[in-house]
Amino acid sequence: MDIILLERIEKLGTIGDVVTVKDGYARNFLLPQKKALRANDANRKVFEANRERLEKDNAARRSAAEAEGKKVDGAEVVLIRSSSNAGQLYGSVSVRDITAGLKEQGFDVDKRQVILGQPIKAIGMHEVTVALHPEVHVKVKANVARSDDEAELQRQGVDVLAQMFADDQAAAEEQADATRIDPTLEPGEIPAELFERDDAE
């Protein structure tokens with residue numbers, strides 16, 4: 001289907017461009033959301049008559065989005081979740097969770113503006129894009145942790161999972177050292193300290 005864009009659409013074009021899209025995309029999204037018009041002679045005339053107003057409205061919305069973007073850019077949402085020892089979440093963090101976190105901080109962000117390729121399923125710092133306007137994108141951080149202390153460490157740049165793995169490795173090596181039998185013994189030979197223990201008893 002050929003359509004006339006009423007605003008800039010990522011990977012399609014800008015205001016006034018006539019582009020061809022799949023019928024379902026046009027009928028289910030672009031036309032009902034008033035982001036485009038069917039490309040026919042009548043609509044072309046309507047668009048040309050209103051072009052100046054549409055461009056002015058778009059510029060005003062973009063300016064408002066840029067002002068809001070300066071406040072939102074770099075914001076951090078802390079999300080406390082349960083996870084396995086490997087850092088995999090029991091469940092996931094979705095667009096709704098990030099939107100709710102931003103709203104708690106006083107940012108007016110709609111869930112349709114949060115771009116998350118796929119749900120977050122592991123603890124750590126994750127970068128999320130927020131499209132406040134088709135031409136204004138900002139980045140926010142989703143700090144997913146198991147506790148406030150862990151979230152604070154991640155904020156300081158500590159890789160909590162790597163540190164936890166290193167601590168576990170050190171504990172395992174310590175345990176192995178504590179239980180290691182004298183490597184100088186021959187197979188079947190009994191350590192001398194066991195004889196001393198028997199004598200003491």
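Which residue of β2 stands opposite I3? Select I3 and you will find V19 across from it in β2.

Before moving on, note that this is a predicted model, where local features need pLDDT of at least 70, side-chain atom pairs count only at pLDDT 80 or more, and totals for chains, interfaces and linings use all residues. Residues are numbered from 1 along each chain as its sequence is written, and side-chain values use heavy atoms, with hydrogens and water left out.

Now show all of β1 (residues 2-5), which runs antiparallel to β2 (residues 18-20) and is joined to it by 3 bridges. Strands are DSSP runs of E with at least two residues, helices are runs of H or I with at least four, and both are numbered from the N terminus; two strands pair if DSSP finds at least two bridges between them. β1 also pairs with β3 (residues 36-38), again antiparallel, over 3 bridges; click L5 to see its bridge partner A36.

Next, select the open, mixed sheet of 4 strands, ordered β4-β9-β8-β6. β4 (76-80) and β6 (114-115) each have a single partner strand, so one side of each has no neighbour in the sheet. Between β8 (residues 124-133) and β9 (residues 136-145), 9 bridges hold an antiparallel pairing, with H133 opposite V136.

Finish at Q113, in the loop between α3 and β6. Residues it touches, beyond four places away in sequence, are D108, T129, V130, A131 and L132.

Methods: Contact means heavy atoms within 4.5 Å.
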